[in-house]
Structures are given as C-alpha cells and as structure tokens.
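Take a look at the structure below. Then follow the text from pair to pair.

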Amino acid sequence: MNRLRVLGLLTLLALGALSGAEVARAEDPAESRSAAFQAVEGAQGEQVPGGPLMVSAYGVVMALLVGYVARLGLMQRKTAAEVVRLSAEIQRSRGQAK
Amino acid sequence: MNENATSSRSRSSRLPLGFLSLAGLTAVLMSITLYAIFFIAPVELQMGIVQKIFYFHVPSAYAMYIGFGLCVVGSAMFLAKQSDAWEAWAVGGAEVGSMFCLIVLITGPLWARKAWGTYWTWDPRLTTTLLIGMVYIAYLLLRNLGTTGEAERKFAAGLGTLGGALMPIIHYSVQLWRGQHPTVITKKGGGLDADMGMALSLGFATFTALAVLLIWARARAERDRQRVLTLTLDAAELGILEET
C-alpha cells in the first residue's frame, strides 16, 4: 500500500514537473514580452512645446504663399513691359521699312 | 504705330473677371478657414495645439496633387499636340505643385517633432513625397536653366508625365507598407471630431481655390514669357535685336 502511495505521489510529481515545463516552454521570452508593458522613464520627462512648432508651421506657409504671389507679380510686370517694348520696336522697324 | 504696343500692354495688365472673382473667393475662404481652425475646431486631446498644423498640412498635399496632376496632363498634351498653351499649364502645375510639396515637407516634420519625437523618418509616405518633389524640381530646372530647344522641351515634358506615376504610390503607401504616417481619412469617414472635420473641409476648399488661382496666374505668366520669346525671334529676324 505504501509502495502504491509512493508510486502515486511520484507519478503526480512527475506529471506536475512535465506540465510546468510545458508552461515554461509556452511562455518564451517573446510571448511574455508581448503581454508586458514597461514604462520608459526618459520619454515621459521630455517636453516638446507644440505652440512654437505650430506658429512656425503657419508662418512658413504664409511666407511661402506671400513670397510666391509677390514673385508672380514681379514676373508678370517684367514680362508685360518686355512684350510692350519688343512690340513697339518691331512695329517701329516695320514702319521704317515701309 | 503704338496701337499694338498699347493693346499688348492692356492684354498683359488686364486680369480676367473670372481670375479676379476666384482671387476674391480664395481670400474669403482663407479667412473663414483660419477662423474655423483657431476658434471653432477644438484642441486635440493627445497632441495638443500642434495638431492644428493638420488643417494646412493635408490640404497642401491635396493641392500638391492638383499641381502635379495638371503637369502630367499638360506635359502629355504637349507631347501629343506640341501646344505652347498646354506647356504653360504644365509649367504652372509643376511650379505650384512643388511649392505645396515644400509646404507639406516643412509642416509635416514640424508636426512630427511633437507627435513622433523626431523631425524625419524614412517612412514610405515621407520618402515618396520627397522623391516626387525632387522629380518636379528637376523638371523645373530643366525648363528654366536649359535652352528653349524642342529636344529639351520634350524631355522635360516626358519627365513631367512620368513623375505622375509617383502620386498613387504616395497616396496608397500608408495602406501598402508599414510606416508611422497615419491614415486619418478612411473609407469609414475618418476619426475626426465634427468641428475638426468642418475645418478640414474648409481647408480643402480653400487650398483647391488657391491652387487653381496660382496655377492660372503662373500659366498666364508663362504664356507671356512665350510671347516674349516669339517677339525676340521676330526682332532678331528684323535685325533690331542688337539694338534692344
């Protein structure tokens, strides 16, 4: 009877040890890492002010738009003056040729 | 004798009524949009006030697509029909598209500094946007720094046409590849507060009108530049170029 109890206990212990090994194998480092969240202390302390970034962004947009419109205006004025000048010169030359 | 000079001056300086109307509409829309962004749309919970860059950043990308898309069409039509008018539209589209691309590439990193903790990553969308900007800057350099020969114009038009292939890659890059750039507007409508959505819609309307207005103005300037080239050739034929 005692031998049976001992055998039974040993069997239970063996089964327990085997199942423990299975569990340990299932929880490999990757899976255990996937279930855990670890706080990063450094990032929490970082403060990036959003206001200056937003103001800079809108300032750059407005500067580019205003600058481009000004460039277009200057280009148009210069080209228009050149068209008038060349047309006048050509007409004068043709008038003289006649 | 001066009638043609006078008519040339009046044509160049007189702006079409449609252009002036569009300019007025754009100014009104811009005012309303800025009001909606800063006084109606709420501050975003996680990112804070820097999220308001969104209302100019996304419409700028959309305006970039308009500009580059018109360059693709104009370049293809120039190759097909050898039309100076289509070339002018292509140049206008490329230049305005490049400007809006620059706006996207500046406002995005400023926002990313807060949102991602870094100004730049080689995310697929960021990288392809940078790439298309470089393609169309190359197109503009080729048009403006090269000679006005037919070969250079056709080569530039080919570059302008092929560069458009990058646009769908940019747009679908966030779905095709993993990256950090978010997809806010999805088939389900997007994860936006109602007031935020309204401000964004106004931004889209404003930047559409602005893109059309600027492309129109640039194309007009390019047509005038083409006229100057034609007149210069006429003057050279008459032998008066050295005097001018």
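What follows is a short walk through some salt bridges.

This is a predicted model, in which local features need pLDDT of at least 70, side-chain atom pairs count only at pLDDT 80 or more, and totals for chains, interfaces and linings use all residues. Residues are numbered from 1 along each chain as its sequence is written, chains are lettered from A and ligands numbered from 1 in the order in which they are written, and side-chain values use heavy atoms, without hydrogens and water.

Side chains of opposite charge can pair when their charged atoms come close. A salt bridge here is a side-chain nitrogen of Lys or Arg within 4 Å of a carboxyl oxygen of Asp or Glu. Over all chains, the structure holds 11 of them.

Arg85(A) pairs with Glu82(A), with the closest N and O atoms 2.5 Å apart. These two sit 3 residues apart, about one turn of the helix. Glu89(A) and Arg92(A) form a salt bridge too, at 2.6 Å from N to O. Both lie in helix 4 of chain A.

Now for chain B. Which residue forms a salt bridge with Arg218(B)? The partner is Glu222(B), and the closest N and O atoms are 3.2 Å apart. They are 4 residues apart in helix 8 of chain B, so about one helical turn separates them. Salt bridges that share partners join Arg218(B) and Glu222(B) into one network, whose members include Arg71(A), Asp84(B) and Arg225(B).
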